[in-house]
Amino acid sequence: MNNKKVVLITGAGRGIGAATAKLFAKQGYAVCINYKSNAEAANRLAFEITSNGGKCITVQADVSLEPDVLRLFSTIDQELGCLNVLVNNAGVLKQQSRLEDMTAERINAILINNVTSYFLCCRESVKRMSTRHGGDGGVIVNVSSGAARSGSPNEYIDYAASKGAIDTLTKGLSLEVAAEGIRVNCVRPGLIHTEMHADGGEPDRVSRLESIIPLQRGGEPSEVAEAIYWLASDKSSFSTGNYLDLAGGL
């Protein structure tokens, strides 16, 4: 059985999730790389981590589906042991659109993938971490978005609304489990150079908008990963229910 601290990162095959997995592994954590469909990217990341002396496993699971979440956490229990940190990062983005052109199918897909998944993974983490259930405590870091503040008009207000729900989840859950040894915080990335923008139909969106960012550039996944790691570490031990904006001043 593993004697390292254990972190689960959902949606860890690319972008912010992949950068976070690399950083936690570098800091000595055993990492569970969760992915939904891109096994090649997840396995490539796992190979990079293990080649550098790290410990990790990859687990395919659609974290918006309860049976998949139960299987994911059961696998961690069996192969890595006690979970110390959950990084809720998995999410989807649809083609840029005004609300008047959005279908119920699209809206529901966004909410299930971006909200239900976080709730389910938080639930299973609390069951394992909470001192109320015999756990040793732990940390949950939710990845929200600057879109929760801006609303993303004319692009994807459904995605923005889903991230607003994550902000509320962070606050409510942090208060619910504060006395049970669990801290819950949130990062809200702004315009970050990731592949997700291509999912919205504009791969170069960050470059188009960087002139409105006070720092005059888009962010890098590694910069978000550093913030996530800080929130998961003892250096932020008095922080819970808080939001860390990483948006270059926006």
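Contact here means heavy atoms within 4.5 Å of each other. The structure is a predicted model, in which local features need pLDDT of at least 70 and side-chain atom pairs count only at pLDDT 80 or more, while totals for chains, interfaces and linings use all residues. Residues are numbered from 1 along each chain as its sequence is written, and side-chain values use heavy atoms, with hydrogens and water left out.

**Aspartate 167**

Leaving aside neighbours within four places in sequence, aspartate 167 is in contact with Ser144, Ala148, Cys186, Arg188 and Tyr243. Aspartate 167 belongs to helix α6, residues 157-177. Helices are DSSP runs of H or I with at least four residues, strands are runs of E with at least two, and both are numbered from the N terminus. The side chains of aspartate 167 and serine 144 are joined by a polar contact of 2.8 Å. A polar contact is a pair of N or O atoms within 3.5 Å; within protein, one must be able to donate a hydrogen and the other to accept it, and residues adjacent in sequence count only if both atoms are side-chain atoms. Asparagine 185 is 18 residues from aspartate 167 in sequence, and the two are 9.0 Å apart in space, C-alpha to C-alpha.

**Burial of single residues**

A residue is buried under 20% relative accessible area, exposed over 50% and partly exposed in between, using a 1.4 Å probe and protein chains only.

| Residue | Relative accessible area | Class |
|---|---|---|
| Threonine 20 | 0% | buried |
| Glycine 17 | 0% | buried |
| Serine 152 | 6% | buried |
| Aspartate 167 | 9% | buried |
| Asparagine 154 | 51% | exposed |

Serine 152 lies in the loop between α5 (147-150) and α6, and asparagine 154 lies in the loop between α5 and α6. Most residues other than glycine have a negative phi. Serine 152 has a positive phi of about 50°, and asparagine 154 has a positive phi of about 70°.

**Helix α1**

Threonine 20 sits in helix α1, residues 15-26, and glycine 17 is also found in helix α1. The side chain of threonine 20 reaches the backbone oxygen of isoleucine 16 at 2.7 Å. Not counting residues up to four places away in sequence, threonine 20 touches Ile9, Val87, Ala225 and Ile228. With neighbours within four places left aside, glycine 17 is in contact with Ile9, Gly11, Ala12 and Asn89.

**Nonpolar cores**

A nonpolar core is a set of buried Ala, Val, Leu, Ile, Met, Phe, Trp, Tyr and Cys residues joined through side-chain atoms within 4.5 Å. The largest one has 62 residues, and Phe24, Val31, Ile33, Leu72, Ile140 and Ile228 have the most contacts inside it. A second, separate core has five residues, including Leu93, Tyr156, Tyr159 and Ala160.

**Helices α3 and α4**

Helix α3 (residues 66-79) packs against helix α4 (residues 104-129) at an angle of about 35°, with the axes 10 Å apart. Axes are lines fitted to C-alpha atoms, for helices over the stretch in contact, and angles run from 0 to 180 degrees between N-to-C directions. Glu66, Val69, Leu70, Phe73, Ser74 and Asp77 in α3 meet residues of α4, among them Leu120, Arg123 and Arg128. By class, this contact of α3 with α4 has five nonpolar, two polar and five charged residues. Ala, Val, Leu, Ile, Met, Phe, Trp, Tyr, Cys and Pro count as nonpolar, Asp, Glu, Lys and Arg as charged, and the others, Gly among them, as polar.
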